[in-house]
Amino acid sequence: MKTFSLRHWLQRYTPLLAALLVLLSGSLLVLLMARNVLLEEGQASARLVHDRLKSTLDSFALQSTPSLQRVALNCPAFIYNARLLALHNPYIRSISLGDADGRTIRCSTITGSKPQPLPPRHTSLRFVYLPNSPLVPNTSVLVLQLPLAGKQLYFGINRLLLNAIFPTRSEYLETYVTLGRYKLNAVAVLDDKPRIHHTVAANPYFSVGFAYTWSGFMHYVAYHYLAYWLLVVVLAALVYQLLVRLLASEARLCGKISQGLARGQFHAFIQPVFTREGVLSGGEVLIRWIHPKDGFIPPDVFIKAAEHSGQINKLFSVLVQQLLATLGRPGIRLPVGFHLGLNISAPQLAQPALLTDCRALMSMLAPQQGVLVLELTERVEIPNNAACYGVLNQLKSEGARIAVDDFGTGHSSLIYLTRMQVDCLKIDKSFVDLISEGSRTDIVDNVIDLARRLGMETVAEGVETAYQQAYLEQMGVDMLQGYYFARPMPLADFVRQYLPQQPA
């Protein structure tokens, strides 16, 4: 039965999931962009209809009211003047005068002076749509109602007015005027098809809005934004291909690391560390990959892949075995209090082998009162859980010391330092490089001051000039390492150059 491996699962499905994420988020962005443009078009169309129709109705009232008000009590004269007004406006079908209560028409350009009852349900609206006109049965009409000399004036308006007022009809949007329970576009009453409605403007006569269906919106997107969506598809495909290649490259690199481990291609190098007085105080152990074909492979190329794959634990064990075989050899005498530093990262704290390897090194260092210094790298943040801190506390209780490597370049913080009970801060080379004549050294000064306030030792990495050495010594840095003193070297060279040997 196969066991579940998160790493293999991620390696297999991450490109697909990332591509789907790009596709979904990109498609959503295209839809939002299309929707915003469509809304802007709908709002512009609706405002245009609102302004045109309101202006037309206001002009009816302004032009007609004075001449009709003078003859409001004389029905024949009212009818004569009203017919003259209707003749001059192609959209006015009729003009009628009704009682103050709006229940009966007394004078009309259609029925003359014959009283005509009105349906009571329309009396409260100032501008209405009647699908069946009470004056001309079986025809629809728009009716504008205005007060006139204590009575009610009614304009029967041809539906063609809306056709003239509405802009060119959109294939995707329905702009409409709301009159009571009716929504009218340029040519008809809107049906009950499900739509998404937006009201844009309103006045005492009517309100104006627009609507669209989901199918219409998708057709709009397909017609106007297909090119954008195709770009999203291409981007998703590129992301998929890039991740497939990256993961395949990392998988090949992990395979090469496994081969390198099996063939003994990884070697422990050590860079000496000196006190301010120039006395050898310890060394930082570094791993070097010497490939038979590719030559020297820099740690930056393979360390991160080794951490992700879990191979960092095997690499650490290789270093430990080589240190034990070389520095623990009979006749090798380490200086008293020698500090042996090894880099560890967060993933290693979860592995039981770390305790075993570290104890073996501490046992080797014990005769000369040597100290194992575990240099925590900041590439991966240490999880805030009891298990990880428990391993560190256990090693500290057995004599190991904790240092933060490349301080200031990763995940460390004041809480991080105090929680781990750090003993030493290693000032990163990038900060040491800032030290030169006439340059500002605020960052280095602050790190040194912070370490002093927290009671921690300081080690300056990457010292390459006499000026840097003098400045750091003046600032009270405890230990220094860098090319100015010595380059990283194989263990055998370090033993030959720095360690006195006694006969076995």
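Which side chains meet R195 in a salt bridge, and at what N to O distance? The side chain of D191 does, at 2.9 Å, N to O. By salt bridge I mean a side-chain nitrogen of Lys or Arg within 4 Å of a carboxyl oxygen of Asp or Glu.

Colleagues, before I continue, a word on the model. It is a predicted model, in which local features need pLDDT of at least 70 and side-chain atom pairs count only at pLDDT 80 or more, while totals for chains, interfaces and linings use all residues. Residues are numbered from 1 along each chain as its sequence is written, and side-chain values use heavy atoms, with hydrogens and water left out.

Side chains of opposite charge can pair when their charged atoms come close. A search of the whole structure finds 17 salt bridges. In the pair I opened with, R195 counts as buried at 16% relative accessibility, whereas D191 is partly exposed at 44%. Here buried means under 20% relative accessible area, exposed means over 50%, and partly exposed lies in between, with a 1.4 Å probe and protein chains only.

A second pair is D478 with R276, whose closest N and O atoms are 3.8 Å apart. Helices (H or I, at least four residues) and strands (E, at least two) are DSSP runs, numbered from the N terminus. D478 is partly exposed at 28%, and R276 is partly exposed at 32%.

D449 is partly exposed at 29%, while R453 is exposed at 68%. Elsewhere, salt bridges that share partners join E284, E375, K426 and E461 into one network.

Y13, L16, L17, L20, Y240 and V244 make a nonpolar patch of about 480 Å². Patches are made of residues with over 30% relative accessible area and no salt bridge, with like charges joined within 9 Å and nonpolar side chains (Val, Leu, Ile, Met, Phe, Trp, Tyr) within 5 Å. Accessible areas come from the Shrake-Rupley method with a 1.4 Å probe, and for residues only the protein chains shown count as cover. Helices α1 (6–69) and α5 (226–262) each supply at least two residues of this patch, and the largest share, four residues, comes from α1. L20, one of the patch residues, is located in α1 and is partly exposed at 42%.

Finally, two loop residues deserve mention. Although A149 is not a glycine, its phi is positive, about 50 degrees. A149 belongs to the loop between β5 (141–148) and β6 (151–157) and is partly exposed at 45%. Q369, likewise a residue other than glycine, has a positive phi near 55 degrees. Its place is the loop between α8 (353–365) and β15 (371–376), where Q369 is exposed at 58%.
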